[in-house]
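Subject: Structure handover

Hi,

Here is the structure I promised to pass on. Please open it alongside this note; my findings follow below.

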Amino acid sequence: MKLLLPTGLMADPECKRHEPGPGHPESAERYDAIYLGLCQSGMMDRLEKIPARQALPHELARCHTVTYLKQVEEDCASGLSMLSTGDTPLSPGTLSAALYSAGGVMNAVDAVVAGAVQNAFCLVRPPGHHATSDRGMGFCVYNHVAVAARHAREQHGIERILILDWDVHHGNGTQDIFYADPAVFYCSTHQSPLYPYTGDQMETGWGRGKGTTLNLPVPAGTSGVDLLRTLEAKLVPAMDRYRPELVLISAGFDARVEDPIGGLALTDDDFRALTRFALDLARSHSSGRVVSILEGGYNLFGLAAACAAHVAELTGFSS
Ligand SMILES: [Zn+2]
């Protein structure tokens, strides 16, 4: 299918300034691997560049408590090597990388909603989906996909948003932020048991958000075919009822085979198929609007290959 509008790419070298230190899997080399992979795939000149910007305090406060935001600033200013709330390394450039990541995903939402691009991929780090409203953890500082969703809701009046999270880990932070919020439907496929040991299928939301959390845990070794079959059986009918106006993807590539942290068995073709699945949902309900945001993925070669396959599919020029 030929799309009329280009795919956006939000990628800013500022995101490389977060440096967890030697041997850490969430390295700045991840940015270079993905960027180089996109260049080598020949897609770069077809991608519309979306600039990053620093997120503003009130934009972050849509998802995080003021106390936590102050804590992040204090931890970074005092030169701590680890965020005081959890297992997220800090470096002198972490705060800037996190701020530009959060601001960049909002710019991507703006571009998609304005119709400047059909969809967009955001090459951001540190990742975000483990960050709760008041606690950074799991390599994450700010929850970028959550910031994007609340921005779409409050800046653009979008009333129903799907977050599809296919990272190998459960996005406990995203679930936590939207657990009682019916404006966001959070669906996660993830390996179980695995860090952070949340995301049971019995966790379905609370209060007005009851029914807008869908957890699809799968055992280690699950294939992409089986993962997609599960999504088609569970998420498609749920979206026929929910009718999202925007689709956000927490695009983790640590569900790929050979990832050093994850134990699932997805191939690059499986990530193409997952992308097509998300695009089909968006075409059915959301005028094709998709913003995809990088989460995990720690085998540099595999990360670059799977991410290139994902972006190629977003552009509609997948080979
Ligand atoms: Zn992950």
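Ser287 is partly exposed, with 13 other C-beta atoms within 10 Å. Its phi is near 55 degrees, a positive value in a residue other than glycine. Look for Ser287 in the loop between α8 and β8 (290-294). Bear in mind that this is a predicted model.

Tyr197 also has a positive phi, about 65 degrees, although it is not a glycine. Tyr197 sits in the loop between β5 and β6. Is Tyr197 buried or exposed? Tyr197 is exposed: 11 other C-beta atoms lie within 10 Å, and the cut-off for exposed is 12 or fewer.

The loop between β5 (184-191) and β6 (213-218) also holds Pro193. The peptide bond leading from Ser192 into Pro193 is cis, with omega near 0 degrees. Pro196 lies in the loop between β5 and β6 as well. The bond from Tyr195 to Pro196 is cis, again with omega near 0 degrees. Please check both peptide bonds by eye.

**The nonpolar core**

The largest nonpolar core has 97 residues. Which of them touch the most other members? They are Val105, Ala120, Cys122, Ala148, Leu248, Val291 and Ile293. Helix α4 (residues 94-114) supplies the largest share of this core, 13 residues. In general, nonpolar side chains tend to be buried together in soluble globular proteins.

Take Val105 as a way in. Leaving aside neighbours within four places in sequence, Val105 is in contact with Met10, Cys122, Val124, His144, Val147, Ala148, Val291 and Ile293.

**α4 against α5**

Two packed helices are described by the angle between their axes and the distance between the axes. For α4 and helix α5 (residues 144-156), the angle is about 45 degrees and the axes are 9 Å apart. That angle makes α4 oblique to α5. The crossing of α4 and α5 is right-handed.

On the α4 side, the contact is made by Ser101, Ala102, Val105, Met106, Val109 and Val113. From α5 come His144, Val147, Ala148, His151, Ala152 and His156. By class, the contact of α4 with α5 has eight nonpolar and four polar residues, and no charged ones.

Ala152 deserves a separate look. This residue lies in helix α5. Ala152 counts as buried because it has 25 C-beta neighbours inside 10 Å, against a cut-off of 20 or more. Apart from neighbours within four places in sequence, Ala152 is in contact with Val109, Val113, Ile158, Ile161 and Leu246. How far is the C-alpha atom of Ala152 from that of Pro126? They are separated by 21 Å, with the two residues 26 apart along the chain.

**α8 against α9**

Helix α8 (residues 268-285) packs with helix α9 (residues 300-315) at an angle of about 30 degrees. Their axes are 8 Å apart. The crossing of α8 and α9 is right-handed.

From α8, the contact uses Asp268, Phe271, Arg272, Thr275 and Arg276. From α9, it uses Ala305, Ala306, Ala309, His310, Glu313 and Leu314. By class, the residues of the contact of α8 with α9 are five nonpolar, two polar and four charged.

Best wishes

Note on methods. Residues numbered from 1 in each chain as written. Predicted model: local features only at pLDDT ≥ 70, side-chain atom pairs only at ≥ 80, totals over all residues. Axes fitted to C-alpha atoms, helices over the stretch in contact; angles between N-to-C directions. Helix = DSSP H or I, 4+ residues; strand = E, 2+ residues; numbered from the N terminus. Left-handed = near helix turned anticlockwise from the far one by under 90°. Contact = placed C-beta atoms within 7 Å. Nonpolar A, V, L, I, M, F, W, Y, C, P; charged D, E, K, R; others polar. Core = buried A, V, L, I, M, F, W, Y, C linked by C-beta atoms within 7 Å. Parallel < 35°, antiparallel > 145°, perpendicular 65-115°, else oblique.
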